[in-house]
Amino acid sequence: MINRRSFILKLAGALAGLSLWQKPSIATTNEIQEAIVVDSLTSKEGLIKKTYRPPNFETPINYFNTVFTPNKHFFVRYHHALIPEIKTDDWRLSIGGDAINKPLSFTLKQLQTDFKSVEIAALCLCSGNRRSLFQPPVPGVQWGSGAMGNAVWRGIRLKDVLKATGIKQSALEVSFNGADSGMLRTTPDFIKSLPLEKVLNENTLIAFEMNGEPLPHWNGFPARLIIPGWAATYWIKHLTEINILSKPLDNFWMKTAYRIPKEGFQSGQFMSQETKINMPITELVVNSLITNLVDNQIFSSDKPIVINGVAWDKGDGIQQVEISTDGGNTWQLTTLQKDYGRFSWRQWQYDLIPTHSGEYRIIARATSMSGITQPLEPVTNPSGYHHNALQTISIKLI
């Protein structure tokens, strides 16, 4: 039996966890009683809490000094607060929809043994990474620079699984659903779709492992989607259901949320979901981050200063990263580190040899293989997506 105090506390937590755009409704006692209250994340360490319900935790940037982000420090992003503990023996992946010939259901063992295993290094990056840097402020989780992580993902190609169902010529999109859910019945289920072409790409995976270990609970155990080069909103966690559709998915998460204006961004990646004025967020934009310095840090002027960072884009690859130590007046090339594949971020390094004491304004600037360079300012948009303006850090040498 739930007491009055517990009910009030849990109800407050439930309402606090609702998305900003959803009008709260009255929760029943049963709905509140069934809630999983997340005050800390088991198996995770050192993350920065943004919200408890749903759990949203970002990675401190010092953990980005390794090429692959350790699982226990990997960021956590959810829209829903109910995240079940899944037993592998009970888990099933169901595949249906109006554009297939044969609905199927797979156990985890069947997927892992019946299909070829593949591995890919890829950056998982939340659409709202760096949202807190937009001015004026925009609504949403106020992420810093840590709503991302680079990992080696191991699983099977999604196209291999779907071909077993017999895809009809009418197929247009494929939708995906996971096991997590909202605390209230009125919360829209987090179902996303992808264009068929992206689904059939050889790099689109159903992953079971992350950095050589089974997926952590908070990162999608036992199976999640991996869509290299695209924003993490499509990387559905705790995957349970796939539907092949002959019409565009018409729900809140596709028609209203995660959309960007056509002005300022490149369209054409998801035509069935585009309108005249906006489109779904899809491909990542070129970006970079200094990972081992913080603003106003003090150094001795008689020693070299190593500057480390990472750079990434949608998958064209990083051509170069430049560094300025005088606020953008002059630029020098950094040294790119080992290339782990076009969807992985690329580490870089620069050795600053001090010539004077005082302030140094450090700016990093990445350019992709397609010739696109980071802008001075981000493209303004209502939801605060794709923040990729040049980062500036001031340090002092004494």
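Modeller: Two strands pair if DSSP finds at least two bridges between them. Strands (E, at least two residues) and helices (H or I, at least four) are DSSP runs, numbered from the N terminus. This is a predicted model, where local features need pLDDT of at least 70, side-chain atom pairs count only at pLDDT 80 or more, and totals for chains, interfaces and linings use all residues. Residues are numbered from 1 along each chain as its sequence is written, and side-chain values use heavy atoms, without hydrogens and water.

Biologist: What makes β15 and β17 a pair?

Modeller: DSSP needs at least two bridges. Here 4 bridges join β15 to β17 (residues 305–312), and the two run antiparallel. L289 stands opposite V310 in β17.

Biologist: Why is the pair of F190 and W253 called edge-to-face?

Modeller: Rings of Phe, Tyr and Trp (its six-membered ring) pair if their centres lie within 6.5 Å; planes under 30 degrees apart are stacked, over 60 edge-to-face, the rest tilted. F190 and W253 lie 4.9 Å centre to centre, with 75° between the planes. So the pair is edge-to-face.

Biologist: Why is W253 called buried?

Modeller: Buried means under 20% relative accessible area, exposed over 50%, partly exposed in between (1.4 Å probe, protein chains only). W253 has 2% relative accessibility, so W253 counts as buried. F190, at 10%, is buried too.

Biologist: What makes the pair of W230 and F270 tilted?

Modeller: The planes are 45° apart, and the centres 6.4 Å.
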